[in-house]
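Subject: Structure handover, ligand surroundings

Hello,

Here is the structure we talked about. My notes on the ligands and where they sit follow below it.

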Amino acid sequence: MPVASDVEERATDDDASGEGLPINEVFYSLQGEGTLAGVPSVFVRTSGCNLRCWFCDSYHTSWEPTGAWRDVDSIIEEVQSHEQAGHVVLTGGEPLIHEESVELLERLAADGYHTTVETNGTIYRDAPIDLASISPKLASSTPTPDRDPKGDGEWEEKHEENRIDMDALSRMVDAYETQLKFVVTDESDLSEITGLVERVRAATATTVADDDVLLMPEGMTREQLDGTRSKVAELAMEYGYRYTPRLHVDLWNDAPGT
Ligand SMILES: C[S@@+](CC[C@H](N)C(=O)[O-])C[C@H]1O[C@@H](n2cnc3c(N)ncnc32)[C@H](O)[C@@H]1O
Ligand SMILES: Nc1nc2[nH]cc(C(=O)O)c2c(=O)[nH]1
Ligand code: SF4
Ligand SMILES: [Mg+2]
């Protein structure tokens with residue numbers, strides 16, 4: 001397992017291209033989130049992220065990135081070993097910080113897989129993506145000193161500066177079939193969501209319908225979701241947006257590899 005600094009250095013080093021991807025885990029499960037919830041899918045989780053949401057449910061890809069560098073061939077082989085699956089979800093961490101994610105997506109598309117990319121929407125890449133599952137990060141995700149899971153708010157400023165890149169976000173919306181999947185912590189998030197959706201609509205040629213906008217309750221365990229899901233469902237009805245469950249958490253709680 002390479003140490004965190006290795007993941008971060010190599011991920012931002014141009015010379016690292018062609019040398020594979022830092023992979024945290026590959027597993028077979030049901031897509032738990034969004035419009036494809038319930039579809040059997042192989043998940044490929046890269047390590048390393050350009051943001052630091054305080055609530056990140058994949059701590060070992062963001063706050064303490066760990067994983068093994070693997071070449072695309074070996075990742076494809078493991079994906080293919082799950083013979084029932086026709087869908088692959090590339091996630092992280094932030095998969096689009098890695099240039100090599102493009103090659104992985106090209107190989108998956110050539111093999112006939114449907115590809116979903118789970119991304120925070122801050123980095124645009126040209127790749128065969130069937131569904132861009134974009135989760136733009138709200139102010140309520142910022143790791144302020146009182147909510148920092150690791151330190152004393154050292155990431156607050158960088159996260160706040162980088163969490164929205166309207167240029168990258170609108171390019172992605174124009175290029176790919178898209179869902180905008182917002183993590184909702186409470187009612188106060190909604191004014192920021194409606195404002196962001198309006199900005200995306202103004203910046204793109206694409207029609208972003210209200211049911212392309214998904215509200216997802218914050219929570220990495222069933223117990224945490226018990227405190228958020230009903231309120232978020234009511235907010236979806238009130239604003240006319242779509243609610244998405246976190247089916248994997250309902251089914252398997254926070255078990256690894258689900
Ligand atoms: C771990 S992220 C990886 C992909 C990308 N970095 C992103 O944030 O979209 C996968 C998904 O989990 C969501 N997520 C992370 N932590 C969460 C939490 N505590 N509650 C609800 N959703 C969460 C993210 O917003 C994103 O939609
Ligand atoms: N079952 C399941 N569905 C998911 N959808 C998006 C996930 C992610 O972490 O990106 C995820 C995940 O971690 N597990
Ligand atoms: S952007 Fe995604 S992976 Fe990065 S810290 Fe936030 S939820 Fe975690
Ligand atoms: Mg997850």
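By class, the shell around ligand 1 has five nonpolar, eight polar and eight charged residues. The classes count Ala, Val, Leu, Ile, Met, Phe, Trp, Tyr, Cys and Pro as nonpolar, Asp, Glu, Lys and Arg as charged, and the others, Gly among them, as polar. This is a predicted model, in which local features need pLDDT of at least 70, side-chain atom pairs count only at pLDDT 80 or more, and totals for chains, interfaces and linings use all residues. Residues are numbered from 1 along each chain as its sequence is written, chains are lettered from A and ligands numbered from 1 in the order in which they are written, and side-chain values use heavy atoms, with hydrogens and water left out.

Ligand 1

Of the 21 residues around ligand 1, the nearest are F55, G93, S135, K137 and G219 (a residue is near a molecule if one of its heavy atoms lies within 4 Å of it).

- D57, through a polar backbone atom, at 3.1 Å
- E94, through a polar side-chain atom, at 3.4 Å
- R246, through a polar side-chain atom, at 3.1 Å

Taken alone, ligand 1 exposes 540 Å², and the protein buries 95% of that (Shrake-Rupley accessible area, 1.4 Å probe). The strands β5 (114–119), β7 (178–184) and β8 (213–217) each give at least two residues to the shell of ligand 1; strands are DSSP runs of E with at least two residues, helices are runs of H or I with at least four, and both are numbered from the N terminus.

Ligand 2

The shell of ligand 2 consists of S29, L30, Q31, G32, E33, F43, R45, T91, E118, H248 and T258. By class, two of these are nonpolar, six polar and three charged. Both β1 (21–30) and β2 (40–46) supply at least two residues of this shell. Nitrogen atoms of ligand 2 are approached as follows:

- a polar side-chain atom of S29 at 3.4 Å
- a backbone N or O atom of G32 at 3.0 Å
- a backbone N or O atom of T258 at 2.8 Å

On its own, ligand 2 has 320 Å² of accessible area, of which the protein covers 93%.

Ligand 3

Around ligand 3 are C49, L51, R52, C53, C56, S62, G93, N120 and K137. Four of these residues are nonpolar, three polar and two charged.

The pocket

Where do the ligands sit? Ligand 1 is in the largest pocket, ligand 2 sits in the largest pocket, and the space taken by ligand 3 is the largest pocket. A pocket here is an open set of points on a 1 Å grid over the protein atoms alone where a 1.4 Å probe fits, with protein on both sides within 12 Å along at least five of seven lines; lining residues have an atom within 4 Å of a point. A molecule sits in a pocket if more than half of its atoms lie within 2 Å of its grid points.

The volume of the largest pocket is about 1,100 Å³, taken as the space filled by probe spheres set on the points, which are joined across faces, edges and corners. Its lining has 48 residues, with R45, C56, D57, S58 and G92 nearest its centre. By class, the lining has 17 nonpolar, 19 polar and 12 charged residues. At least two lining residues come from each of β1, β2, β4 (87–91), β5, β7, β8 and α9 (247–252). The largest share, four residues, is from β1.

Regards

Conventions:
Polar contact = N/O pair within 3.5 Å; in protein donor to acceptor, adjacent residues only side chain to side chain.
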